[in-house]
Amino acid sequence: MELRRSFYQFLMTERNPNNHSEVAEFANNAFYDHSFPKQSKDYDEISRYLELNGGYLPSMLIFDQAYQLYLDSEA
């Protein structure tokens, strides 16, 4: 499966200041993270970045959930 857009592009569709779901909060915070790998589609690359720099992400399970939504949206 060829992913058409980057994970960041997908994640930005989940931004919503009125939605307090974990994925929406992740998206809202990632928007302000200017070092986020915005062009990446690669799970491992993004995961490594977040493990080192994602202090705003309370659990990597939220990233896993968001990445699965990303894959589902591209299917």
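Which residues of helix 3 are buried? Keep that in mind as you open this predicted model and start the tour.

**Stop 1: helix 3.** Select I46, S47, Y49 and L50: these are the buried residues of helix 3. Now look down the helix axis. The four fall within an arc of 160 degrees, so they line one face of the helix. Turn to the face pointing away from that buried side, and you will find R48, E51 and L52, which are exposed.

**Stop 2: what lies over the buried face.** Next, show helix 1 (7-12), helix 2 and helix 4 (60-74); they are among the elements covering the buried residues of helix 3.

Stop 3: Centre on F63 next: leaving out residues up to four places away in sequence, F63 touches F7, F26, Y43, I46, S47, L50 and L57.

**Stop 4: D33.** Finally, go to the loop between helix 2 (22-31) and helix 3 (43-53), where D33 sits. Is D33 buried or exposed, and what is its nearest side chain of opposite charge? D33 is buried but has no salt bridge, and that nearest side chain, K38, is 6.2 Å away. A second polar contact, of 2.9 Å, runs from the D33 side chain to that of Y56. Beyond its neighbours within four places in sequence, D33 is in contact with K38, Y49 and Y56.

Terms used. Residues numbered from 1 in each chain as written. Predicted model: local features only at pLDDT ≥ 70, side-chain atom pairs only at ≥ 80, totals over all residues. Heavy atoms only, no water. Helix = DSSP H or I, 4+ residues; strand = E, 2+ residues; numbered from the N terminus. Buried < 20%, exposed > 50% of the residue type's maximum accessible area, 1.4 Å probe, protein only. Lys, Arg positive; Asp, Glu negative; His and termini not counted. Salt bridge = Lys/Arg side-chain N within 4 Å of Asp/Glu carboxyl O. Polar contact = N/O pair within 3.5 Å; in protein donor to acceptor, adjacent residues only side chain to side chain. Contact = heavy atoms within 4.5 Å. Arc of directions from axis to C-beta.
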